[in-house]
Amino acid sequence: MSNHGHLPHITNVAKVVIELKRVFAILAATLVGAAALTSPSAAADRAPSEPTRAGSGAERSLAAPATATVTEGQVKEVAPGGVITYPSVTSCLTVTVRLADGGLVGAHASLFQVPGELRSDEILAAVKDRVGNRPVSAVQVKGAVGAWHPSYFVKAIESYGEGEQVPVSSGPDLDGLARTVSLGLDVPRALVTAEDIPDGDQIVS
């Protein structure tokens, strides 16, 4: 039997193989390009002003804004010389970390979770993550100290199930709050102070 009848079929197969190779080459080039665009160096080139993760302290501080308003359940940072405003601190506590370079990381801890924001037992971890490995010169805890049991930083009121006893503060526990914040942020106890202050806005600079 002659093979001439198979030539068109073979030719078509060859064309398909060539086309598949071309598609694979394009896909490979696309993937390499995407990998390059998502690499740390490329990301830095695209957004040099974006705050970096913990570990690049100088860049992160420089990228922070000069002012910030920190409402309940939020954590924000301002650059050295900046100002943080905590509005309407009534039943809340604020935690302000003073960085050695002059920057501030502030948290507004709420007794009860504000929808979409951090719970009281999530706030210290968020502050610690934001601070990263940058040196800390002081930590200030201010607000409705008398309403807060230190354990609220470890287990939020919302975390207790039906029938579980929620700890209730019997009065201002400045030392207990300072020790809990010290442990949560992994900073020396000597750097942490706690202060019971009247209701209202707090402005920290």
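Buried residues are those with under 20% relative accessible area, and the close-up views below use the word in that sense for a model that is predicted.

View 1. In the predicted model, helix H5 spans residues 174–185, and its 12 residues reach 16 Å from the first C-alpha to the last, close to the 16 Å expected at 1.5 Å a residue. Buried positions in H5 are Gly176, Leu177, Ala178, Thr180, Val181, Ser182 and Leu185, and the buried residues of this helix pack against S4, H4, S6 and S7. An α-helix has 3.6 residues a turn, so residues three or four places apart point the same way.

**View 2. The end of H5 and two residues with positive phi.** Aspartate 186 follows H5 and has a positive phi, near 60°; this residue belongs to the loop that leads from H5 to strand S7 (192–196). Because its relative accessibility is 59%, aspartate 186 counts as exposed. Serine 88, which is also not a glycine, has a positive phi near 50° and is placed within strand S3 (residues 83–89). Its relative accessibility of 44% is why serine 88 counts as partly exposed. Most residues other than glycine have a negative phi.

View 3. With neighbours within four places in sequence left aside, valine 139 is in contact with Val95, Thr96, Val97, Val181, Leu185, Val187, Leu191, Val192 and Thr193.

**View 4. The open sheet of strands S1, S3 and S8.** Three strands, in the order S1-S3-S8, form an open sheet whose pairing is mixed. Strand S1 (67–69) and strand S8 (200–204) stand at the edges with a single partner strand each, so one side of each has no neighbour in the sheet. From one strand to the next, the twist averages 15°. S1 and S3 run parallel and are joined by three bridges, and threonine 67 stands opposite valine 83 in S3.

**View 5. Valine 145 in the loop between S6 and H5.** Valine 145 is placed in this loop and, because its relative accessible area is 0%, it is buried. Although 50 residues separate valine 145 from glutamate 195 along the chain, their C-alpha atoms are separated by 7.1 Å. Apart from neighbours within four places in sequence, valine 145 is in contact with Leu93, Ser169, Pro172, Asp173, Leu174, Leu177, Glu195 and Asp196.

**View 6. Serine 120 and the backbone oxygen of tyrosine 152.** Serine 120 lies in the loop between S5 and H4, and is buried because its relative accessible area is 2%. A polar atom of the serine 120 side chain lies 2.7 Å from the backbone oxygen of tyrosine 152.

Note on methods: Residues numbered from 1 in each chain as written. Predicted model: local features only at pLDDT ≥ 70, side-chain atom pairs only at ≥ 80, totals over all residues. Heavy atoms only, no water. Helix = DSSP H or I, 4+ residues; strand = E, 2+ residues; numbered from the N terminus. Buried < 20%, exposed > 50% of the residue type's maximum accessible area, 1.4 Å probe, protein only. Contact = heavy atoms within 4.5 Å. Expected span 1.5 Å × (residues − 1). Pairing = 2+ DSSP bridges. Axes fitted to C-alpha atoms, helices over the stretch in contact; angles between N-to-C directions. Polar contact = N/O pair within 3.5 Å; in protein donor to acceptor, adjacent residues only side chain to side chain.
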